Amino acid sequence: MREAFGAVFDVEPGYLNTASIGVPPRHVADAVSASHERWRRGQDTSSTFNDAVEISREAFGRLIGVPATSVACGATVSQFVSLVAQSLPVGSKVFVDPGDFTSVTLPFVAAGHQIVSTVDECDLVAMSVVQSADGKIADLEALRASGKPVLLDVSQAAGWRPLSLAWADFVVGVAYKWLMAPRGAAWMAVRPDRMESLKPLAANWYSTGENYGTDLVLRSDARRFDLSPTWFSHVGAAVALPWVATLDLEAVRAHCVKLTDRLLSGLGLPPNDSAIVSVGRPPVQGVVSSVRAGRTRYACHMYNTIEDVDRVLEALA
């Protein structure tokens with residue numbers, strides 16, 4: 001058991017893999033467990049989960065600085081990026097970071113768009129705020145100043161880094177990493193003036209409110225892009241995200257970066273101001289990490305301690 005930022009965690013020592021799977025605080029895991037109990041007893045209907053969906057939608061909006069009316073709920077980042085990619089004019093030019101995660105890059109390739117090497121020549125920038133492989137942080141001020149339409153993925157940023165992204169055209173993110181909720185919930189924020197530029201390619205009963213028929217009457221706000229929610233994921237998200245949104249995220253950021261600084265310094269490497277680090281050393285026993293792009297990736301979240309980091313340093317000494 002560990003206590004961090006007012007919550008109790010049951011994470012075991014040496015877990016440095018939040019960039020792959022976030023570990024929930026006890027009160028989040030308990031809420032999901034209770035929901036499973038109701039399910040096994042037949043105590044729920046589909047409408048039981050509506051409040052959880054709306055609570056998590058609003059909390060995601062707070063975490064990135066937009067109202068709930070601008071946020072659509074879904075299941076994966078690639079689903080939402082594909083929606084943007086398929087709505088762009090044929091042959092659009094898109095700038096992506098070559099090392100970005102494929103959920104951000106490949107939907108544009110699959111849609112037949114041209115991937116370009118500079119922001120100046122593009123019609124859209126699609127980029128992770130924090131890179132999955134090595135923790136590199138995007139220059140958001142430069143992106144904003146470029147005046148180019150921007151899609152940002154906050155999957156590796158939301159939950160440990162303060163964000164204010166109402167200026168971005170599209171913002172996507174998942175629940176199961178730094179937001180510490182179950183996999184199966186994701187969100188996309190759409191700036192109001194970009195709402196009409198997207199095609200409702202996955203129109204369904206949840207995005208229209210109609211269970212039967214062929215009349216396409218979309219909801220008036222970003223809910224027109226909703227997928228029918230993955231219930232238990234949103235139960236967890238409805239507890240985890242509002243709690244994270246109440247925290248001092250600058251303090252969370254400072255805690256995470258202090259730990260990664262210690263790790264990098266101990267290995268003779270410069271700091272990177274990120275909660276994710278990538279090192280050219282093999283994984284070590286007794287530490288849960290990941291290998292990405294041929295390097296070992298460590299990720300430090302709010303529940304990690306100096307002892308977790310020192311396990312790595314002692315093993316590599």
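Throughout these legends, buried means under 20% relative accessible area, exposed means over 50%, and partly exposed is anything in between (1.4 Å probe, protein chains only). This is a predicted model, where local features need pLDDT of at least 70, side-chain atom pairs count only at pLDDT 80 or more, and totals for chains, interfaces and linings use all residues. Residues are numbered from 1 along each chain as its sequence is written, and side-chain values use heavy atoms, with hydrogens and water left out.

**View A. Phe5 sits in the loop between strand 1 and strand 2 (7-9).** Strands (E, at least two residues) and helices (H or I, at least four) are DSSP runs, numbered from the N terminus. Phe5 is partly exposed, at 28% relative accessible area. Its phi is positive, about 50 degrees, although Phe5 is not a glycine. Most residues other than glycine have a negative phi.

View B. Strands count as paired if DSSP finds at least two bridges between them.

**View C. Ala293 lies in the loop between strand 11 and strand 12.** Those two strands pair in the antiparallel sense over three bridges, and Arg292 has Arg295 of strand 12 as its bridge partner. Ala293 is exposed, at 74%, and its phi is positive too, near 55 degrees.

**View D. Helix 9 (residues 306-316) has buried residues, including Val309, Val312 and Leu316.** What covers them includes strand 1 (2-4), helix 8 (249-266) and strand 12 (295-299), with contact meaning heavy atoms within 4.5 Å.
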